[in-house]
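Reader: I am new to this structure and would like to learn how to read it. Could you walk me through it?

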Amino acid sequence: MDTKGILIAGVGGQGILLASDILCRVMMAADLDVKKSEVHGMAQRGGCVTSHVRYGQKVYSPIARKNDVDILVSFEKMDTLRYLYFLKPEGTIIINTEELYPPAVNLGDAVYPEDIIESVRQLFGIVKVVDATGLAVRAGNIRAVNTVLLGTLSSCLPLPLEIWETVLKNTFLPKLLEANLKAFQLGRAV
Amino acid sequence: MKELLSGNEAIARGAYECGVRFAAGYPGTPSTEIMEAFATYEGVYAEWAPNEKVAMEVGIGAALAGARVMVVMKHVGVNVAADPLFTVSYTGINGALVVVSADDPSLHSSQNEQDNRNYAKFMKIPMLEPSDSQEAKEFIKLAFEISERFDTPVFLRSTTRVSHSKSVVTLEAPKTMEDRTAIRCNAEKYVMVPMNARKRRVEVEKRMRLLEAFAENFPENRMEINDPEVGIITAGMSYHYAKDVFPDYSYVKLGMVHPLPVGLIREFASRVRKLYALEELDPFIEEQVRALGIEVTGKAIFPYTNEFNPGIVEQAIIGHDKILRTLPERQLPLRPPNLCPGCPHRGLFYVLGRLKVFISGDIGCYTLSFMKPLDALHSCICMGASIGMAHGMSKALGEKGRGKVVGVIGDSTFLHSGMTPLLNMAYNHSDALIVICDNLTTAMTGMQEHPATGFTLQGEKTMGVDLAKLVRALGIKSVRLVDPYDLKKTRTVLKEELAKPGPSVVISRRACVLFKREKLSPGKPLRVDPEKCTGCRLCLGLGCPPIAWKKLVDPSGDQKKKGEKQQGIAVIDLNICSGCGLCRQLCKSDAIVEQI
């Protein structure tokens, strides 16, 4: 099996790093080699956060090159457009509909694009649009946006559901588990 | 057992597994998690020192007593610790001493991207460089073995990409080492006065020759002969980037980057037709290979600046990267990091930015205040520099600078290296104003303890220095305390202190809004009453993430045209508003109110 790549992207504070940790543990549980890479530090303060996850029989680089990622999971609608160049032409995109305005948009100096989903659909065949915040609220925890999106991601990967559920059970404290399992199922059903 | 570990966690684990029970450091991205992870292991002693030089000296002392010691810092921290390091290279270390330097190619969270391999050569200290988490865990162990065997400090160099990537690591049971600590005096070896240091200087060269021989057979300096057409000499993460795109080329993968295995490199060069030196930042390997009279290509095609990735390596070697499809270019609004909603720095820097003064900045979250709309920080060089620079500028400006120069520095940064320059200000009759932005923690790197927080790295209660008393003891007579959530009072105090002759210090105190121990919730989320908002945009000057500008449209759906009375209104995102109330203090029309 060649090395495959998933890119999780969004804004600091959205739970991206936990999501990619869970994804890596799922890959490990499936007996695959896995590496992930992200940058901490100043990026936490509302800046862009990306986490590359690469998996296969033997993984060298933890980050992908252009046109090399199989699935992009974008936690923020506009930021999807920032990372399209990483995707293979036949790649899959999962887009959260949440909009987080960067400073220039807040100040009225720039406009938040309105045609994001349409323009992505014109370029890529498989685009899953998820109202992850809405589904997280339905699952009973607004913070579970990342688990919703992992659920959607899981539906694009050929891995048994039990592995995902076991890893989720080992990740979340009992009081948070129920909402996160629900969030995962809602995301998976999208 | 297999575990997914970051490079930093793996370094801590490796140190623990090989019997290290003593570590000191100062937080700094990308190194911080090494100390944090190490401190959680059973039976270890780990401390945050006030700065890297102190951490290094603590480490040297412990090693001289016979302990195996790890000292941890980011690349620029080694500058601070360089003074003791250059000389401990002469004395040797009795126990074992490994210095972890986490470099930051691409300056993800740093003021420069210096290549600390140069220090290894400059200081005549061997350096190992792991490429992933498994190697990070193994190499720290090898570093301790080399340190013991050759009586030398050893560098372990990581980079952000190695430190902050996670990969699968096989864990082993920790070794317990016998206690070899004791008081042993050896003045000739450890008292570096000229007559002794001259002798040790000779020993350093002998040690380097031994290490050069050791490097030749060091198993982690590995030759992989595949396609003889192309050979790549590389180390660290660059090896994985290259293997990813060129799995069939031949490689020398260096585990030890100083000293280099000259014989191995000569042999490799003779077995491949085209030789490359692949390394981020400086041509450290390349220049040494070329000095051997070997033809090698390096910085002629690989960039000097920024970290690499597989695409950069591919592009450089074959002239183009694997472009399958080019997407239409699109300009998107940037998303730079920003002060958090409710950040106490925002109020202080909003006021400072409007005082028409030069603001000499320092290293911390508040450095972000240089950006629009706050526009309230005008220099940032290194830890502690704000104070000395403010003083120097104030002196150079003389009368012109009276009441016009402010230095700003965080609490942790002040304790790191702000005390001596403040003493200098008192001593040399300075006229500048220093503001200590005291948020009760080392916020930038993720809430680390420091000597004013009342806790140690391992969670023990301890003294917490009183910053106001400390500042007075350094000779500053005018010391004031303000709450940066109170804009009016903050402005008044800053203006008064600027007007006074002589040096003054204002301590702007309010806990970091993310600091869980303080359990503060500044207030309830606020909203804008659209009926009252006049669209004056005053609140937008705070650059607070929840406050956005919404353009008003007229009944036909068109955007209001310039010249029409009100162009838009402010809106507040209640999901991220902290309720700090700064915007409410600014609003002249009482339009910012509590949520219903």
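Reader: How do helix 4 and helix 9 of chain B pack?

Author: Start with the axes: these are lines fitted to C-alpha atoms, for helices over the stretch in contact, and angles run from 0 to 180 degrees between N-to-C directions. Helices (H or I, at least four residues) and strands (E, at least two) are DSSP runs, numbered from the N terminus. Here, helix 4 (residues 75-91) and helix 9 (residues 194-217) of chain B pack at about 80°, their axes 7 Å apart. Angles of 65 to 115 degrees count as roughly perpendicular, so helix 4 and helix 9 of chain B are roughly perpendicular to each other.

The model is predicted: local features need pLDDT of at least 70, side-chain atom pairs count only at pLDDT 80 or more, and totals for chains, interfaces and linings use all residues. Residues are numbered from 1 along each chain as its sequence is written, while chains are lettered from A and ligands numbered from 1 in the order in which they are written.

Reader: Which residues make the contact of these two helices?

Author: Contact means that C-beta atoms, placed from the backbone, lie within 7 Å. Helix 4 of chain B gives Ser89(B), Tyr90(B) and Thr91(B), and helix 9 of chain B gives Ala197(B), Arg200(B), Arg201(B) and Val204(B).

Reader: How many residues does each chain bring to the contact between chains?

Author: Chain A brings 43 residues and chain B 48. On the side of chain A, strand 2 gives the largest share, six residues.

Reader: How does strand 2 of chain A run relative to strand 8 of chain B, parallel or antiparallel?

Author: Strands pair if DSSP finds at least two bridges between them. Here three bridges join strand 2 of chain A to strand 8 (residues 165-170) of chain B, and the two run antiparallel. Lys36(A) stands opposite Lys166(B) of strand 8.

Methods. Angles under 35 degrees count as roughly parallel, over 145 as roughly antiparallel, 65 to 115 as roughly perpendicular and the rest as oblique.
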